[in-house]
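Let's take a walk through this model together, one stop at a time. Please have the sequence and the 3D view open side by side.

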Amino acid sequence: MDNETNSAVKLTWFDKIFKPQVITLPNGHSTIRRRSRAPFIVALVLLAIILSLRMTGFDMGLIIRKFDKLMDLMVKLFHPKWSFFDKVTRPLIDTIKMSILGTVIGCALALPIAVLSSTNIDKNRVIVSVLRFILALIRTLPTLVIALVCALIFGLGTFAGTLAISIFTFGIVAKMLYESIETIDMGPFEAMEAMGANKFQAFWSACVPQILPVYLSHSLYCFEMNVRASAILGYVGAGGLGITINERIGWRDYEGLGMVLLTLFVVVVAIEFTSEYLRGKLS
Amino acid sequence: MAEKLEKIEKAVDEKLTVAEMYANRPRKWWVYTLVVLIIAALVGWSGSTVQFEGLTVTGRSVAQGVISGITHPDLKLMFGTSNTDVPYLLLQTMAIAVLGTIFGAILAIPFAFLASTNILPKPLAYLFRVVILLIRTIPSLVWALMWIRVTGPGAACGVITQSVCSIGMISKMYITAIEDLDTRILESLDAMGCTPFQKIRYGVIPQLTASFISTTIYRFDINLKDATTLGIVGAGGIGASLVQCLNSRRWAMVGSFVWGLMILVLIIEYLSTQVRSKLARGE
């Protein structure tokens with residue numbers, strides 16, 4: 001009897017356990033309404049919260065008990081020590097330089113790999129899946145861990161930081177780029193091939209103009225992230241602002257820390273605005 | 001656009017051959033030269049500080065150790081069940097991310113509504129946006145370092161850090177969803193004589209749930225990766241053990257931590273992409 005209605009509404013394993021409600025319409029036909037999944041999902045989330053609370057030993061009382069300590073810290077943070085600005089500029093410029101160089105290197109390496117791992121250009125399934133798997137593995141590694149390993153191998157300083165940023169940028173830009181390359185219009189490429197252009201000529205004149213703006217836009221976006229990320233790399237000794245931040249917190253000089261964070265904020269916002277403006281132009 | 005069409009029409013009128021049209025194709029060479037020049041200048045400027053100084057004395061052995069650790073992970077640590085083994089630490093990392101994301105998502109709701117220009121007058125909304133930007137620019141590690149001073153080290157500190165950090169990005173994405181609200185639905189509900197509560201229940205909430213949940217899941221993805229690094233400063237999770245092993249050069253243990261971390265992040269990333277694409281399709 002229900003054959004027609006069943007085919008109209010897709011049933012999953014969930015509906016086999018919780019039978020859908022059958023509604024008979026005035027005209028004699030019957031239709032079904034699937035049971036809501038909401039209670040089930042809410043129960044799962046609640047279970048996850050309870051388990052997590054037990055595992056992390058988190059309790060709200062902690063924040064309330066330490067509230068005055070927190071306020072004390074915040075008040076100091078919002079009264080930055082202006083005289084500290086002189087000591088912020090050098091590490092800040094180091095941080096920016098690290099992110100520029102890291103972004104450029106990472107993006108340069110990402111371009112060929114991204115082209116090779118997009119299914120519409122590279123027809124070899126094996127290469128595509130191997131490259132994508134490697135990219136996915138690179139992306140799972142935390143930047144800070146990469147930076148720490150680099151610092152252990154190449155010594156403390158900006159070089160280790162730059163290398164860590166390049167690796168991180170490479171993973172992210174390559175992924176974003178192959179996803180965009182797969183959405184480009186392959187019509188012009190085929191048309192040019194049909195006109196007698198060889199693969200490289202067709203790719204150069206039909207695909208590159210489509211890829212290039214997206215590539216620049218992704219690179220700028222990644223640069224934004226890198227400035228923020230590289231600010232903390234100094235914590236593991238990879239140069240830049242992180243060293244200063246760690247030092248200030250260690251000495252409980254929250255006014256100095258406030259100044260560092262304020263400068264970082266201004267620089268990051270300035271870079272974000274410029275990059276957003278440029279990315280708007282590109283698209 | 002019109003200019004381009006005119007050019008093509010002119011070319012068709014003049015009966016140019018394909019080869020001639022190809023020779024006349026638009027060239028933006030000066031834009032590309034400018035971009036290349038700017039990038040070259042930036043690289044030159046930043047290359048001056050970032051210098052390769054060769055390996056450290058132990059650099060070679062560290063590199064070999066990392067490779068041998070990854071190829072020969074400590075299997076007992078990887079599948080053990082005690083408090084210091086990989087599965088427990090991964091679960092704890094996940095617990096931090098779960099709580100941090102859920103608290104962050106809840107805290108972000110008021111922020112997002114207060115910063116939406118279609119709800120509050122523009123100057124007020126922009127004020128809240130600056131606060132959100134402030135939260136977003138300060139790196140999560142710095143938040144963690146500050147919170148440790150308040151709460152002491154441990155997983156609870158990680159939870160608080162992530163709750164605060166998540167507000168920044170989550171509310172930024174909530175704002176876009178709120179500003180895209182279709183107000184015509186509210187008008188028609190108004191015309192039907194609905195109470196404000198009914199308008200929110202049937203006009204606002206159904207429009208926002210999918211994108212809010214999608215944003216939250218996306219942030220969970222990010223928070224999980226972040227939670228792995230928070231341990232480095234002592235805020236719980238797998239990071240602390242990983243860094244300890246790195247610093248004491250126990251490579252087999254490093255290998256098992258890295259593998260555990262990579263597998264967990266890959267699984268969560270896969271699941272989150274699946275759920276989010278389902279949400280986007282409206283299932």
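Strands and helices here are DSSP runs (E, at least two residues, for strands; H or I, at least four residues, for helices), numbered from the N terminus. Strand β1 covers residues 21-24 of chain A and strand β2 covers residues 30-33; the two run antiparallel and are joined by four bridges. Strands are said to pair if DSSP finds at least two bridges between them. You can trace the pairing by eye: A:Gln21 stands opposite A:Arg33, and A:Thr24 has A:Ser30 as its bridge partner.

Before going further, a word on what you are looking at: this is a predicted model, in which local features need pLDDT of at least 70, side-chain atom pairs count only at pLDDT 80 or more, and totals for chains, interfaces and linings use all residues. Residues are numbered from 1 along each chain as its sequence is written, while chains are lettered from A and ligands numbered from 1 in the order in which they are written.

Now zoom out to the domains, whose bounds come from an automatic or database domain assignment. Chain A is divided into domain 1 (1-58) and domain 2 (76-282). Taken over C-alpha atoms, the centres of these two domains of chain A are 43 Å apart. In chain B the assignment gives domain 1 (12-46) and domain 2 (73-280), and here the C-alpha centres of the two domains lie 43 Å apart.

How do the chains meet? In total, 53 residues of chain B are in contact with 48 residues of chain A, where contact asks for C-beta atoms, placed from the backbone, within 7 Å of each other. On the chain B side, the touching residues divide into 37 nonpolar, 13 polar and three charged. In this count Ala, Val, Leu, Ile, Met, Phe, Trp, Tyr, Cys and Pro are nonpolar, Asp, Glu, Lys and Arg are charged, and the others, Gly among them, are polar.

One helix pair is worth a visit in this setting. Helix α7 (residues 125-140) of chain A packs against helix α13 (residues 251-280) of chain B at an angle of about 110°, with the axes 9 Å apart. That angle makes α7(A) roughly perpendicular to α13(B), a label for angles of 65 to 115 degrees, whereas under 35 counts as roughly parallel, over 145 as roughly antiparallel and the rest as oblique. The axes are lines fitted to C-alpha atoms, for helices over the stretch in contact, and angles run from 0 to 180 degrees between N-to-C directions. From α7(A), A:Ala136, A:Leu137 and A:Thr140 meet B:Leu261, B:Met262, B:Val265 and B:Leu266 in α13(B). The residues of this contact divide into six nonpolar, one polar and no charged.

Most residues other than glycine have a negative phi. A:Arg252, however, has a positive phi of about 55° although it is not a glycine. A:Arg252 lies in the loop between α12 (241-250) and α13 (254-282) of chain A, and counts as exposed because it has 12 C-beta neighbours inside 10 Å. The cut-offs are 20 or more other C-beta atoms within 10 Å for buried, 12 or fewer for exposed, and partly exposed in between, with C-beta atoms placed from the backbone. In chain B, B:Arg249 has a positive phi of about 60°. B:Arg249 is in the loop between α12 (238-247) and α13 of chain B, and is partly exposed, with 15 other C-beta atoms within 10 Å.

B:Asp74, in the loop between α4 (59-71) and α5 (75-79), is buried because 21 other C-beta atoms lie within 10 Å. Leaving aside neighbours within four places in sequence, B:Asp74 is in contact with B:Ala252, B:Met253, B:Gly255 and B:Ser256. B:Arg136, in helix α7 (residues 122-137) of chain B, is buried with 21 other C-beta atoms within 10 Å. B:Arg136 and B:Ile170 are 34 residues apart in sequence and 9.7 Å apart in space, C-alpha to C-alpha. B:Ala23, in helix α2 (residues 18-23) of chain B, is exposed, with 9 other C-beta atoms within 10 Å.

How values were computed:
Two residues are in contact if their C-beta atoms, placed from the backbone, lie within 7 Å.
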